[in-house]
Amino acid sequence: MHADAVVLDIDGVLIDVADSYRRAIVESVERLYGRTVDRADVQYFKDAGGFNNDWDVTDAVALYVLADERDPLDLPAFAERIREAGGGLAAAKSVLEDDLSSDDLAAVRDAWDSEALRDAFQALYLGTDLYRELEGGDPPFDAPGYIHDEPVLVDPDTLDRLTSGAAVGVLTGRPAAEADIALDRVDLDVPDRHRFTMDDWAAGKPDPAALVTLAERFDAAAVAFAGDTLDDVRTAVNAAAEDPDRDYHGIGVLTGGLTGESGREAFESVGADAVVETVNDLPGVVFGGEET
């Protein structure tokens, strides 16, 4: 494999978010409704596709919990039906519309409070001081902020090898301000023109527009995109279909929710060109011709 541009996801690739974003998802739902799913269960929603935005995942988990109280739902089956319906929050809503009685559906809709869920999520994730700075008001409760304890997954030498061998961009579902915090933590300087965040791109992954735009800005003949979800790989596959004059390589990274042999098989099933144990294996695959 060769690429003259490398595009990186942040969460699960550069930064470990298992105890931050994913913890905030399940705890936001528990705070509002008194019950939630296990943290590992978040992966069912990620695998269903269309959940690039963790606020949407939080909403979908809340809808599942509220519906399950009225009419028990098998979570893996629920997530699979979301995938079959096209993925994302809109698909989750449509599945419930098909499954619930009109009275139960109305009760779930009445109880579901997306704005309160988002506020709880941001309070848990950002903490009190950063919430005030970024959200422009007081949080609904005080919290230390999970963002401050996110482990770094990428070695400095890896970033040196990537930036010396290729143009490097970032494609993430984080809001821009939170992307800045993560990139500062890993010491990766990426100009605004070479990154896409939630604030720049409404469609989200696996829509290929952002990746194709980055390829155009880099004037790259071949682009490698490394991410930790199936939608990251699907983004590269979709970009290749939309922009056939360039080569796009989707690379799955096994430091997010997908791990081990089952994670490798899942990535390969959606068209990954390579799967790496960590982002630190990426330079060898992209520049060194290593098979993985």
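Analyst: In this predicted model, a helix is a DSSP run of H or I with at least four residues, and a strand is a run of E with at least two.

User: What makes the phi of aspartate 187 worth a remark?

Analyst: Its phi is near 65°, a positive value in a residue other than glycine. Most residues other than glycine have a negative phi.

User: What kind of peptide bond joins lysine 205 and proline 206?

Analyst: A cis one, with omega about 10°. Most peptide bonds are trans. Proline 206 sits in the loop between β3 (195-196) and α11 (209-218).

User: Which residues of α3 and α5 meet?

Analyst: From α3, Asp56, Asp59, Ala60, Leu63 and Ala67; from α5, Leu89, Ala92, Lys93 and Leu96. By class, that contact has 6 nonpolar, no polar and 3 charged residues.

User: How do you know where the domains of the chain lie?

Analyst: The domain assignment gives domain 1 as 5-16 + 151-287 and domain 2 as 18-147. Their centres, over C-alpha atoms, are 25 Å apart.

User: What shows that domain 1 and domain 2 are in contact?

Analyst: 18 residues of domain 1 contact 18 residues of domain 2. The two domains bury about 1,400 Å² between them, 50% of it on carbon and sulfur atoms.

Note on methods. Residues are numbered from 1 along each chain as its sequence is written. This is a predicted model: local features need pLDDT of at least 70, side-chain atom pairs count only at pLDDT 80 or more; totals for chains, interfaces and linings use all residues. Side-chain values use heavy atoms; hydrogens and water are left out. Contact means heavy atoms within 4.5 Å. Ala, Val, Leu, Ile, Met, Phe, Trp, Tyr, Cys and Pro count as nonpolar, Asp, Glu, Lys and Arg as charged, and the others, Gly among them, as polar. Domain bounds come from an automatic or database domain assignment. Buried area is the accessible area (1.4 Å probe) that two parts lose on being put together, summed over both.
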